[in-house]
Protein chains: 2
Amino acid sequence: MFSSPAYKKETYSLCLSHIITNPIFTSSSFLSFQAMAGHDVAGKPTPTTNPMNSDEFRRQGHMFIDFIADYYANIEQYPVTSKVKPGYLRDLLPPSAPFEAEPIEEIMRDIQNHIIPGITHWQHPSHFAYFACTASTAGILGELLAAGLNAQAFGWAASPAATELEMVVMDWFGEMLNLPRTFLFSCGARSRSNQELKLEPKPSKSANVGGGGVIVGTTCDALIIVLVAARDRKLAEIGKDGIGKLVVYCSDQTHCTFEKAAKVVGIQPGNIRAIATTKTTSFALSPDSLDSAIRSDVETGMVPLFLCATVGTTSTTAVDPLEPLCRVAAEHGGGMWVHVDAAYGGGPCICPEFRHALDGVEGADSISVNAHKWFLTTVDCCCLWVKDSGAVKRSLSTNPEYLRNRASDSGDVVDYKDWQLTLSRRFRSLKLWLVLRSHGVGNLREFVRGHVAMAEAFERLVEGDGRFEVVVPRRFSLVCFRMVMMTLSDNDDDGGGNNLMNKKLLERINGSGRVFMTHAVVGGIYMLRFAVGGTLTEPRHVVEAWKMVQEQADAIYPEHANGCSAPNGIRGVSDQSHAKSNGEMSDYSSN
Amino acid sequence: MFSSPAYKKETYSLCLSHIITNPIFTSSSFLSFQAMAGHDVAGKPTPTTNPMNSDEFRRQGHMFIDFIADYYANIEQYPVTSKVKPGYLRDLLPPSAPFEAEPIEEIMRDIQNHIIPGITHWQHPSHFAYFACTASTAGILGELLAAGLNAQAFGWAASPAATELEMVVMDWFGEMLNLPRTFLFSCGARSRSNQELKLEPKPSKSANVGGGGVIVGTTCDALIIVLVAARDRKLAEIGKDGIGKLVVYCSDQTHCTFEKAAKVVGIQPGNIRAIATTKTTSFALSPDSLDSAIRSDVETGMVPLFLCATVGTTSTTAVDPLEPLCRVAAEHGGGMWVHVDAAYGGGPCICPEFRHALDGVEGADSISVNAHKWFLTTVDCCCLWVKDSGAVKRSLSTNPEYLRNRASDSGDVVDYKDWQLTLSRRFRSLKLWLVLRSHGVGNLREFVRGHVAMAEAFERLVEGDGRFEVVVPRRFSLVCFRMVMMTLSDNDDDGGGNNLMNKKLLERINGSGRVFMTHAVVGGIYMLRFAVGGTLTEPRHVVEAWKMVQEQADAIYPEHANGCSAPNGIRGVSDQSHAKSNGEMSDYSSN
């Protein structure tokens with residue numbers, strides 16, 4: 001079979017001659033080396049592997065770079081969503097790993113023929129589903145470099161540059177978001193208007209107290225980390241058996257990952273208060289509702305532990321009002337931990353005109369922003385800042401003998417293993433650093449503004465067609481909209497008809513393969529989510545997406561086609577359509 | 001400043017003309033597009049960004065591939081460990097992110113000048129510290145491709161190929177380890193000697209019951225996942241307030257990550273039983289000791305929950321005897337969950353001659369193996385197999401409306417978000433698939449065998465020098481050894497002199513920058529760990545490392561140089577040497 005240049009017989013032969021001439025070698029160890037060097041009993045060389053041959057890496061590496069470059073050059077030729085059926089790949093691949101090596105050319109053929117057709121193209125410019133996770137030249141190559149160096153970054157000593165770059169870049173990014181300096185490593189963080197000031201180096205030992213940032217995988221990692229820190233801080237106060245009394249708060253719009261994280265750390269499911277929101281606050285968490293919920297729990301002897309506030313909810317990008325929420329949390333004393341989940345909504349906050357969404361963050365204990373959403377780093381790259389790193393470390397630090405080293409013992413360094421759940425960690429700061437430098441703060445702001453402007457334009461298109469409505473006020477780059485052909489009931493909770501019609505509309509849009517959107521149901525209303533944020537998305541894609549929406553609306557109701565404003569009261573049709581659509585749609589992967 | 005080809009003004013101009021000629025556009029939406037297209041009020045184009053320009057990606061990508069290829073071509077020129085001091089990088093980098101974009105050439109210069117000197121070169125062939133985490137052409141390029149496609153893989157519908165490839169590759173890898181088929185997705189998994197049999201497709205719905213594998217980041221992720229599943233299964237039985245009664249078991253040699261994971265999921269620190277091991281069992285967990293510990297807990301009303309057994313402990317690669325341990329766990333009834341942490345020790349088990357280390361795994365509930373340790377995938381890639389995926393999913397599944405889709409609702413597909421802690425996930429199966437195919441099972445076995453043979457040779461070298469001893473029997477590719485110049489006390493727990501001497505020896509070895517080893521302390525004995533496993537490590541590096549050990553030993557005790565067997569009883573010298581070494585060593589990052 002295939003014999004790649006990566007398999008080098010010469011290496012071991014060379015080595016063998018070295019060993020032979022080495023006077024320290026005994027006869028028995030020579031024999032063992034001979035065996036390991038791939039020589040059989042008769043001394044004949046047998047093939048051995050060098051999986052990291054530099055020349056072969058160069059050859060294959062250039063092939064992969066060209067493959068990815070071509071993929072992006074042609075990305076608009078692909079349908080956004082895949083049309084494959086469950087189990088498609090098992091039928092295409094052998095049931096077992098090969099015994100012999102296979103040539104890279106054959107593997108790449110399989111990638112093109114078998115993998116690419118099963119991909120939902122998240123980087124397609126017409127991918128408007130969920131929230132975008134953005135790729136970029138800088139982000140992809142940062143990940144490549146991290147994999148290339150493949151240095152473990154669990155502690156400072158394990159690879160100093162990895163830890164130090166992460167500290168620098170987390171301070172840079174925190175400053176871009178205008179976070180209070182209590183969240184940063186640098187004591188002397190200065191305002192951007194005062195560029196001539198120098199950052200003061202931290203005094204010795206201070207690496208282990210106060211604020212700072214860490215890169216983790218995703219928001220769920222971040223939430224588990226701060227929940228554990230908050231839990232243990234509280235249990236130290238009320239006793240270890242009090243875990244069943246701990247209550248955490250969020251809204252009914254908080255991402256499901258919070259409930260999951262809370263359960264993981266042992267909060268009883270019945271102690272997770274998902275406080276109801278309403279359309280009157282645009283589905284933001286009301287401080288009064290939080291206050292009532294806390295009061296009610298305290299009265300029954302429960303212990304308020306944690307509030308997860310969201311800046312930019314997943315369904316509708318609602319922004320919980322941080323300042324009054326933090327005030328409510330503080331008023332109840334007892335050191336409730338407030339975390340700000342700004343996974344998506346943190347992005348725009350690098351622009352002064354959107355920064356108000358984070359007003360009040362100074363009252364919070366921690367905040368997380370997903371750089372892989374709007375900051376071009378590719379997944380995964382969640383940036384978490386905490387004020388009290390000591391609380392995190394008291395819960396998460398480990399110090400086994402086999403990891404001890406002089407730097408850690410000195411207390412002068414940050415060991416990020418103690419800021420996160422896992423020990424192993426990638427050198428993720430490289431990609432964020434590359435993105436920030438390759439683009440600069442100015443261009444990143446324009447990048448965000450471009451997406452918001454495209455969403456704003458789409459919103460106007462929706463508003464200009466009488467058959468549609470924007471369901472909640474647009475904020476940032478998400479437009480939540482729906483068709484409104486049915487008579488609405490007074491409380492907007494019309495349930496049936498309109499919802500089924502919009503579900504059918506979305507299925508038809510996604511079934512085209514040319515555009516991908518997802519949906520949400522908030523306050524009983526099924527709505528289409530049009531989330532702009534792709535790296536390659538341009539105004540023309542927004543225009544085409546809107547045309548697709550209109551075409552499918554026309555097809556559902558030909559009598560109201562061509563943008564005519566539609567009368568109310570066409571009941572019954574949508575039920576029928578929905579039933580039919582189940583048969584029509586064989587597309588599993590679109591929503 | 002720099003204007004990269006990635007910044008394309010033309011894109012928006014083209015788009016603008018498209019919009020102008022598009023009849024669906026109203027005047028107001030046109031104006032908003034004009035604004036978003038980067039044209040100011042006077043209609044003059046302003047620069048906008050395209051961070052994913054295909055041509056620019058190609059240009060920079062080839063630069064990065066060459067950078068990494070050159071890095072590997074020259075890797076032996078670098079000292080293994082970095083000599084930088086804490087805080088070195090903050091002084092070299094600006095205090096804030098740049099406002100303007102910077103050219104990639106400048107960034108790469110900084111990588112070479114500022115980052116590389118702060119790297120501990122984990123891929124250096126003379127890196128014998130910790131356990132290796134192996135890079136390879138296939139692993140690095142697999143990670144590159146995953147970052148390049150940047151598809152979210154949280155559920156089947158979010159990118160079918162990512163889910164399906166992971167299922168296939170986890171079955172392949174599980175079969176390589178000869179795991180019982182109860183851990184695999186495929187019902188019809190066949191033995192390798194029966195190649196002509198076909199895998200049967202799973203019956204509909206069965207994706208959601210039974211066994212299967214998932215790729216997570218690290219062992220700690222895997223442990224939290226199965227601990228939560230076990231915890232919730234038990235609490236469903238004994239009531240939610242019973243969490244304070246749950247007890248978990250491990251040995252005093254179990255990796256610290258288990259204690260951390262147990263605390264994360266709310267197990268009280270006092271309920272984590274790290275059962276003492278002894279030299280008589282080579283520091284493996286004794287089934288009798290486990291039995292006693294469980295009995296004692298049950299008698300006091302505690303509830304045994306979980307056993308973490310290890311195949312290849314970090315300090316000395318001890319192998320806990322799975323079969324009797326699982327039997328003890330089963331004898332106590334009540335469904336104790338047994339997890340096998342084979343992060344390192346699972347690797348050799350792809351070779352028939354080492355597979356006995358996993359004997360008894362059929363009695364366990366889950367097992368994890370780090371592919372990034374011995375399987376060339378780069379960090380992070382931890383493979384976790386479970387028998388009862390339903391238990392995991394009952395604890396970790398989420399089903400918010402905004403993630404619902406037809407495929408998930410059908411129950412025909414695996415949604416990996418419900419098998420792990422986080423929602424977002426990378427397309428990690430690509431790199432494992434590339435590794436398995438690029439090398440084949442046969443070569444991977446030889447790769448592992450080569451490392452074991454090199455360790456065996458090193459062991460003989462140690463044994464051949466009377467000043468040294470191998471402290472515990474070598475198993476796999478780790479040699480635990482030390483200098484023995486002092487009279488040993490009868491119980492081997494000699495503490496002081498020998499330990500200080502060996503600490504000094506290790507500091508001198510690592511201080512050379514030419515070799516990197518770490519240490520462990522087991523049974524009171526400070527020992528040097530010589531862990532073979534680097535992708536590029538060849539016999540000559542092992543020889544050089546041994547020469548370095550001897551040279552440093554000679555330097556410490558010139559009177560016993562040149563491999564002479566040393567007499568016992570040279571007390572006092574090592575204390576003195578240790579005191580001196582603190583002043584000598586300014587190297588923070590080596591151990």
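**Entry 1**

I started at Phe481(A), which is buried at a relative accessible area of 0%. My terms: buried is under 20% relative accessible area, exposed is over 50%, and partly exposed lies in between, with a 1.4 Å probe and protein chains only. I note that this is a predicted model, where local features need pLDDT of at least 70, side-chain atom pairs count only at pLDDT 80 or more, and totals for chains, interfaces and linings use all residues. Residues are numbered from 1 along each chain as its sequence is written, chains are lettered from A and ligands numbered from 1 in the order in which they are written, and side-chain values use heavy atoms, leaving out hydrogens and water.

Next I looked up the ring partner. Phe468(A) and Phe481(A) form a tilted aromatic pair, 6.2 Å centre to centre with 50° between the planes. I count rings of Phe, Tyr and Trp (its six-membered ring) as paired if their centres lie within 6.5 Å; planes under 30 degrees apart are stacked, over 60 edge-to-face, the rest tilted. Phe468(A) is in strand S8 of chain A and Phe481(A) in strand S9 of chain A, 13 residues apart. Strands (E, at least two residues) and helices (H or I, at least four) are DSSP runs numbered from the N terminus. Phe468(A) is also buried, at 6% relative accessibility.

I then checked the cluster. Phe468(A) and Phe481(A) belong to one aromatic cluster with Phe128(A), Phe458(A), Phe530(A) and Trp546(A).

**Entry 2: the wider search**

I searched the whole structure and found 42 aromatic pairs over all chains. One of them, Tyr344(A) with Phe476(A), is edge-to-face at 6.1 Å centre to centre and 65° between the planes. This pair links distant parts of the chain, 132 residues apart. Tyr344(A) sits in the loop between strands S5 (337–341) and S6 (366–370) of chain A; Phe476(A) sits in the loop between S8 (468–470) and S9 (478–483). Tyr344(A) is buried at 4%. Phe476(A) is buried at 4%.

**Entry 3: charge over a ring**

I looked for charges over rings (NZ of Lys or CZ of Arg within 6 Å of the ring centre and within 35 degrees of the ring normal). Arg529(A) lies over the face of Phe131(A), 4.9 Å from the ring centre. In chain B, Arg529(B) has its charged end over the ring of Phe131(B), at 4.9 Å from the centre.
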